[in-house]
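Please prepare a briefing on the structure shown here. Keep it short and grouped by topic.

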Amino acid sequence: MSLPADLTRALTAAARVDRLLITSDFDGTLAPIVNNPADARPLRDAAKALVALSELPGISTALISGRALEVLRDLSGMPAAVHLVGSHGAEFDTGFAHPIDRALLDTIAGELQAIAASRPGVTVELKPASVALHVRNAEPGDAEAALAQALQSAQAWDAQLTKGKAVLEFAVITTDKGEAIDILRDEHGASVVIYFGDDVTDEKAFRRLRDGDVGVKVGPGDTLATYRVDEPEDVGAALKYLLDARAAT
C-alpha cells in the first residue's frame, strides 16, 4: 500500500535523528477495532515492525492505551523492549502516575454498573484507576440513555472524564496520553517523537507534539495531527517504512 508523500518525507527525516521515540495507541491503530474488546490483537506486520524498531540503537518504542496495563500487556503480546503505558497514561511499568482514590473508584463502578444492568449491550470496564462505560454494542436508544445518565451521575464525582468512540471513561487520577508522551520523551531523551492514534483521546497526545515531531491520525475525523492514514494496515506500512529508512541511515 502507498503512504502519503508528505508522511514518507516526515518519516524519512525522523529516521535520521539520533534519539527517536515511536509511540502508538493500540485499539484502532495497531489493532483493528472489534466488537468484543477481548478479541483485539495487533496486526502481525505492524507488531513485527514495531518490535524490530525497538531493538535498534537510538530508538525507543511504546504503546499508550486506554486499556489497563495488564490487559494491554496480554492483548498486545509485546516484549519488554516495547514500553507499555495503560489507562490513558496513568499506568507505567513502574506504577501509577498519581495516588488513587479507591473509595471514589468503587462509587463510580457501582453507579455505572447500575446504569448498564437494564440496557443490553452496555458494558462496564473496570480498570485500576478508572471505570469505562461502553455502548458500542447497544441499540442507539439504550446507548444514548446510558451515556446521558452517566454524565448526569458524574456531576457528583471528582473524576476526570474522557470521551471516546462509544465510550465514557471516568478516572480518579488526572492524567492523559499527552502527559505520557512528555514523560516518555524526557525518560528516553528523544529529540523526535512519532505518535499514531485514531480516537479523540489521542488528540491530547497530538497536542503535546513539538516542531519536528510526527503525529499521524488513523481514519476520519477532525484532528490536530499533521498527517493522516486510512486504517491500521497503513500504520504497519508506516512502521515498516521507518524500519527500512533507519537501516538506510
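Helix α5 (residues 140–154) lies across β7, β8 and β9 and runs at about 20° to β9. The model is a predicted one. The sheet under this helix is open, with 4 strands in the order β6-β7-β9-β8 and antiparallel pairing.

**The antiparallel sheet**

- β6 (123–126) and β8 (160–164) are the edge strands, and each of them pairs on one side only.
- Direction ignored, neighbouring strands of this sheet are turned by 20° against each other on average.
- Helix α4 (residues 102–117) also packs on the sheet, where it touches β6, β7 (130–134) and β9.
- The direction of α4 makes about 10° with that of β7.

**Strand β9 and its partners**

- β8 and strand β9 (residues 167–171) run antiparallel and are joined by 5 bridges.
- Gly 164 stands opposite Val 167 in β9.
- Gln 160 stands opposite Ala 171 in β9.
- Ala 132 has Glu 169 of β9 as its bridge partner.
- How many residues of β9 are buried? The count is 5 of the 5, so the strand is largely enclosed by the rest of the structure.
- In a regular strand, side chains alternate between the two faces of the sheet.
- Val 167, Glu 169 and Ala 171 point one way from β9, while Leu 168 and Phe 170 point the other way.
- Each of these residues is buried, Glu 169 included.

**The parallel sheet**

- Another open sheet has 6 strands in the order β3-β2-β1-β10-β11-β12, with parallel pairing.
- β3 (82–85) and β12 (227–229) stand at the edges with a single partner strand each, so one side of each is left without a neighbour in the sheet.
- From one strand to the next, the twist averages 20°.
- Strand β10 (residues 192–197) pairs with strand β11 (residues 214–218) in the parallel sense, over 4 bridges.
- Ile 194 has Val 214 in β11 as its bridge partner.
- Helix α3 (residues 69–76) packs on the sheet and touches β2 (59–64) and β3.
- The direction of α3 makes about 140° with that of β3.
- Helix α6 (residues 177–188) lies across β1 (20–24), β2, β3 and β10. This helix runs at about 160° to β2.

**Nonpolar cores**

- The largest nonpolar core has 40 residues.
- Which residues have the most contacts inside it? They are Ile 22 and Leu 239.
- Helix α8 (residues 232–247) gives the most to this core, with 6 residues.
- Leu 239 touches Ile 22 and Phe 196, as well as Leu 30, Ala 46, Ala 49, Leu 50 and Leu 53, not counting residues up to four places away in sequence.
- A second, separate core has 24 residues, among them Ala 90, Trp 157, Phe 170 and Val 172.

- The protein chain is divided into domain 1 (5–97 + 175–248) and domain 2 (102–171).
- The C-alpha centres of domain 1 and domain 2 lie 27 Å apart.
- Domain 1 gives 16 residues to the contact, and domain 2 gives 11 residues.
- The size of an interface is often given as the accessible area lost when the parts come together.
- Domain 1 and domain 2 bury about 1200 Å² between them. Of that area, 49% is on carbon and sulfur atoms.

**Ser 87**

- Where is Ser 87 found? This residue is in the loop between β3 and β4 (91–92).
- Is Ser 87 buried or exposed? Its relative accessible area is 5%, under the 20% cut-off, so Ser 87 counts as buried.

Technical notes:
Residues numbered from 1 in each chain as written. Predicted model: local features only at pLDDT ≥ 70, side-chain atom pairs only at ≥ 80, totals over all residues. Heavy atoms only, no water. Pairing = 2+ DSSP bridges. Helix = DSSP H or I, 4+ residues; strand = E, 2+ residues; numbered from the N terminus. Axes fitted to C-alpha atoms, helices over the stretch in contact; angles between N-to-C directions. Contact = heavy atoms within 4.5 Å. Core = buried A, V, L, I, M, F, W, Y, C linked by side-chain atoms within 4.5 Å. Buried < 20%, exposed > 50% of the residue type's maximum accessible area, 1.4 Å probe, protein only. Domains from an automatic or database assignment. Buried area = accessible area lost by both parts, 1.4 Å probe.
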